[in-house]
Structures are given as structure tokens and as C-alpha cells.
Amino acid sequence: MEGVLWYVLTGTRGGANRVRLLHAIDERPRNANQLAEELDLDYKTVRHHLDVLMDNDIVENSGDDYGAVYLPTDQARRHWDTVEEIIEKVE
């Protein structure tokens, strides 16, 4: 999982936005619209990055599609020290 975190959050284009999303979700679970507004990003951009994070088992959602609230997965939480290290380097 550590390799996946480093790759998805730093080794790919858009990694900085994914770090911002993950950091915001860690502070408080939110839906895509709330994240777009808070981070001043386009809604479609947020949805794309959330899909990447979900495909890599870093975040999960609860609820229906539009209003789904996103939060870190248990897998990501087990490696949160790596996430924090990445956040410090990127932000």
C-alpha cells in the first residue's frame, strides 16, 4: 500500500490535488460538491481524482452517487503515517 500511496499521490499528474482532497477528507468527510467548493476545484476534476483514489483503495464513499460522502479507507488509515509524510512533502 505504501508504494500505491507514493505513486498515486506524488508520482502521477494530479497528485497534488489528490493530496489536497485526501487531507480535506481526513479533516471531515464530505461529498464531491463540498470538496470542489472548499478546494476551489472544478466538480468534474474532483470526481476524477476521487475515482482514482477509490480505484486504488485510498478512499471510499457512503451514500448515493451524487451526495456520497468520501472518507479514507481502513487500508489507508493503517498506512496513515505514510500519508502524513506525503502531505508534508507536497503541501
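Mentor: The answer begins with the patch and then turns to the chain around it. The model is predicted, with local features requiring pLDDT of at least 70, side-chain atom pairs pLDDT 80 or more, and totals for chains, interfaces and linings using all residues. Numbering starts from 1 along each chain as its sequence is written, and side-chain values use heavy atoms, without hydrogens and water.

On the surface, Glu-2, Asp-81, Glu-84, Glu-85 and Glu-88 form a patch of negative charge (Asp and Glu count as negative; members have over 30% relative accessible area, by Shrake-Rupley with a 1.4 Å probe, and no salt bridge, with like charges joined within 9 Å, placed at CG of Asp or CD of Glu; a salt bridge is a Lys or Arg side-chain nitrogen within 4 Å of an Asp or Glu carboxyl oxygen). Helix α6, residues 80-90, supplies the largest share of this patch, 4 residues (helices are DSSP runs of H or I, at least four residues; strands are runs of E, at least two). Glu-88 lies in helix α6, and its relative accessibility of 66% makes it exposed (over 50%; buried is under 20%, partly exposed in between).

The chain as a whole has 6 helices and 3 strands, in the order α-α-β-α-α-β-β-α-α from the N terminus. Of its 91 residues, 38% are buried, and the C-alpha atoms occupy a box of roughly 30 × 25 × 20 Å along the principal axes.

Elsewhere, Asp-40 sits in the loop between α3 (32-39) and α4 (43-55); Asp-40 is exposed, at 69% relative accessibility, and has a positive phi near 55°. Asp-57, in the loop between α4 and β2 (59-62), also has a positive phi, about 60°, and is partly exposed at 38%.

Technical notes:
Patches are made of residues with over 30% relative accessible area and no salt bridge: like charges are joined within 9 Å, nonpolar side chains (Val, Leu, Ile, Met, Phe, Trp, Tyr) within 5 Å. Buried means under 20% relative accessible area, exposed over 50%, partly exposed in between (1.4 Å probe, protein chains only).
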